[in-house]
Amino acid sequence: MASGNAIRGSRVGAGPMRWAERGDQAPRKSVTYWCANGHATAPSFAADVLAPPLWECPRCGLPAGTDEEHPPEPPRNEPYKTHLAYVKERRSEADGAAILAEALARLKRRRGE
């Protein structure tokens, strides 16, 4: 059964560990990204890793790039489409009328009309 003491294994008044106590830190590089709203963020990456070309802005969620003068365009918000809208993209009015007539004829045959 857990006791509810969240500070297990530590003494009262113990401070945070310092970098020297944790060992050497891996070499890092900071890359600055800018979004279309002008927000800047600078995440750190390992020095031997290629930084990604895009990063999500933590303030507004837009994509951010490394070029301050030309940040990536915000994504276009496509309006919600219903199932009917997708069907209308694939079929013409004449196709829809033919399918409806065929379905009604099958229904009438089943009912014996």
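User: Where in this predicted model is Leu100 placed?

Analyst: In this predicted model, Leu100 has its place in helix α3, which covers residues 93–111.

User: Why is Leu100 called exposed?

Analyst: Leu100 has a relative accessible area of 52%, and the word exposed is kept for values over 50%, so Leu100 counts as exposed.

User: What makes the nonpolar surface patch that includes Leu100?

Analyst: The patch is made by Leu100, Leu104 and Leu107, and its area is about 250 Å².

User: Why is Thr41 called buried, and where is its place?

Analyst: Thr41 lies in strand β3, residues 40–41. Its relative accessible area is 16%, and buried means under 20%, so the term buried applies to Thr41.

User: Which residues does Thr41 touch, once those up to four places away in sequence are not counted?

Analyst: With those residues not counted, Thr41 touches Val31, Thr32, Tyr33, Trp55 and Pro58, where a contact requires heavy atoms within 4.5 Å.

User: How do you know whether His39 is buried or exposed?

Analyst: His39 is found in the loop between β2 (33–35) and β3, and its relative accessible area is 17%. Since buried means under 20%, His39 is therefore classed as buried. Leaving aside neighbours within four places in sequence, His39 is in contact with Tyr33, Trp34, Cys57, Arg59 and Cys60.

User: How many salt bridges does a search of the whole structure find?

Analyst: The search of the whole structure finds two salt bridges. Side chains of opposite charge can pair when their charged atoms come close.

User: What makes the pairing of Arg76 with Glu78 a salt bridge?

Analyst: The closest N and O atoms of Arg76 and Glu78 are 3.3 Å apart, and the cut-off is within 4 Å, so the pair qualifies as a salt bridge. Arg76 is exposed at 68% relative accessible area, and Glu78 is also exposed, at 55%.

User: Why is Lys81 called partly exposed, while Glu89 is called exposed?

Analyst: Lys81 has 31% relative accessibility, which falls between the limits of 20% and 50%, so partly exposed is the term for Lys81. Glu89 stands at 52%, and because exposed means over 50%, Glu89 counts as exposed.

Conventions
Residues numbered from 1 in each chain as written. Predicted model: local features only at pLDDT ≥ 70, side-chain atom pairs only at ≥ 80, totals over all residues. Heavy atoms only, no water. Patch = residues over 30% accessible without salt bridge, like charges linked within 9 Å, V, L, I, M, F, W, Y side chains within 5 Å. Areas by Shrake-Rupley, 256 points an atom, 1.4 Å probe, with all protein chains shown as cover. Salt bridge = Lys/Arg side-chain N within 4 Å of Asp/Glu carboxyl O. Helix = DSSP H or I, 4+ residues; strand = E, 2+ residues; numbered from the N terminus. Buried < 20%, exposed > 50% of the residue type's maximum accessible area, 1.4 Å probe, protein only.
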